[in-house]
Amino acid sequence: MQPVGEHQSALILAADLTQPQKLHTRQQCFYGCVFCGSPVFSYYLQPNHQSAVLICPLHAKQLQSSLLSRSTLAERIAQPFNQQRIHKPGFSFDPNRRVQVSVGMNTVYADFMPADSEQYCIWVNGLEFFTLHSESGWLCFSFMLSDAAGQPLLKVEKGELKLSPEHWEYSYEVNTLKIRDQQRRLQCTAQLCNDRVLLTKGHFVDPSGDGFVVEGNRVIAMLDGQKGGQYMHRIEPGRYKGGWALFNKIRHPDLVMPGNFAFVCAAKRKYPGSER
Ligand SMILES: [Zn+2]
């Protein structure tokens with residue numbers, strides 16, 4: 001008989017980490033879940049250990065249900081999955097290589113400065129819906145998903161899953177992140193690695209109904225909850241710092257748009273009920 005507690009999960013969310021501690025943990029774990037390399041993860045405390053560890057929702061669940069043992073966890077902490085991806089597509093970042101960023105069929109190329117920097121891929125009325133960060137030679141991702149009406153569902157900040165509906169499922173295989181809802185319908189698909197970011201599914205809509213819906217090859221701009229147009233172009237590389245921006249100047253007259261976006265969709269018409 002094994003002693004009581006052997007199978008009990010030792011997994012505790014690290015709730016109070018400082019930003020430097022989080023950065024240290026990301027670096028220690030090579031910017032992904034120690035089991036699968038997923039760039040979407042939570043910070044967990046290690047038993048009898050000072051530092052935290054990155055684990056994705058799928059593998060946290062498997063650890064909690066004892067599908068994965070504590071000794072496997074210890075092995076993976078010693079040799080995180082992404083450590084073996086150093087010479088393959090992973091998240092370590094080569095400053096001489098551009099990152100291809102595609103949303104649907106539209107592609108821009110991100111050039112990062114040697115210093116830490118970011119590229120806005122999807123920006124709507126001041127909200128960053130999808131942002132790439134280059135951080136001490138590594139890439140990480142922040143994004144938000146909404147439902148079709150623009151209610152926020154899911155939030156990821158530099159890889160950390162900050163908000164998620166219950167029972168949503170996350171997988172990361174062959175560089176592809178898939179997020180499924182409770183009914184196992186796909187809500188988000190994105191290839192995420194150091195030379196390619198390819199987004200093919202997701203709702204990125206703000207609470208006023210402005211934003212983008214990505215569905216396969218198509219990128220549909222939404223204005224006030226209505227389809228504003230579709231974007232399917234391949235554009236010249238190197239001309240832009242950013243990706244897709246939607247700027248409703250009628251609703252946000254004082255907002256200043258950052259960067260230099262490849263696609264800008266702006267509300268020009270007056271909408272019903274506007275006093276302007
Ligand atoms: Zn994982």
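**Working chat: zinc site, salt bridges and core**

Biologist: Where is Lys158 found?

Modeller: Lys158 sits in the loop between β9 and β10. Strands (E, at least two residues) and helices (H or I, at least four) are DSSP runs, numbered from the N terminus. This is a predicted model, in which local features need pLDDT of at least 70 and side-chain atom pairs count only at pLDDT 80 or more, while totals for chains, interfaces and linings use all residues. Residues are numbered from 1 along each chain as its sequence is written, and side-chain values use heavy atoms, with hydrogens and water left out.

Biologist: What is the phi of Lys158?

Modeller: The phi of Lys158 is near 45°, a positive value in a residue other than glycine. Most residues other than glycine have a negative phi.

Biologist: Which other residue has a positive phi, near 60°?

Modeller: That is Phe30, likewise a residue other than glycine. Phe30 lies in the loop between α1 and β2.

Biologist: Is Phe30 buried or exposed?

Modeller: Phe30 is buried, with a relative accessible area of 17%. Buried means under 20% relative accessible area, exposed over 50%, and partly exposed in between, with a 1.4 Å probe and protein chains only.

Biologist: Back to Lys158. Which side chain does Lys158 meet in a salt bridge?

Modeller: Lys158 pairs with Glu135, at 3.0 Å from N to O. Lys158 is in the loop between β9 (152–157) and β10 (160–163) and Glu135 is in strand β7 (residues 127–135), so the pair ties together parts that are 23 residues apart in sequence. Lys158 is partly exposed, at 30% relative accessibility, whereas Glu135 is buried, at 4%. A salt bridge here is a side-chain nitrogen of Lys or Arg within 4 Å of a carboxyl oxygen of Asp or Glu.

Biologist: How many salt bridges does a search of the whole structure find?

Modeller: The search finds 10. Among them, Glu160 and Lys162 meet at 3.7 Å, N to O. Glu160 counts as buried at 13% relative accessibility, and Lys162 is partly exposed at 42%. Arg184 also forms a salt bridge with Glu169, with the closest N and O atoms 2.2 Å apart. This pair links distant parts of the chain: Arg184 is in the loop between β12 (176–180) and β13 (186–192), and Glu169 is in strand β11 (residues 169–173), 15 residues apart.

Biologist: Changing topic, which residues coordinate the zinc ion?

Modeller: Cys33 (SG), Cys36 (SG), Cys56 (SG) and His59 (ND1) coordinate the zinc ion, at 2.1 to 2.3 Å. Donors are N, O and S atoms within 2.8 Å of the metal (3.2 Å for Na, K and Ca); water is not among the atoms, so sites may look incomplete.

Biologist: What is the geometry of the site, given angles of 95 to 118°?

Modeller: The site is tetrahedral; four donors count as such if all angles lie between 85 and 135 degrees.

Biologist: How are the donor residues spaced in sequence?

Modeller: The spacing is C-x2-C-x19-C-x2-H. Cys33, in the loop between α1 (19–28) and β2 (42–45), and His59, in helix α2 (residues 57–64), are 26 residues apart and link distant parts of the chain. Cys33 and His59 are both buried.

Biologist: Which residues touch the most other members of the largest nonpolar core?

Modeller: Ile55, Ile122 and Phe130 do, in a core of 68 residues. Strand β8 (residues 138–146) gives the most to this core, with seven residues. A nonpolar core is a set of buried Ala, Val, Leu, Ile, Met, Phe, Trp, Tyr and Cys residues joined through side-chain atoms within 4.5 Å.

Methods:
Tetrahedral: all angles 85-135°; square planar, octahedral: opposite > 155°, others 65-115°.
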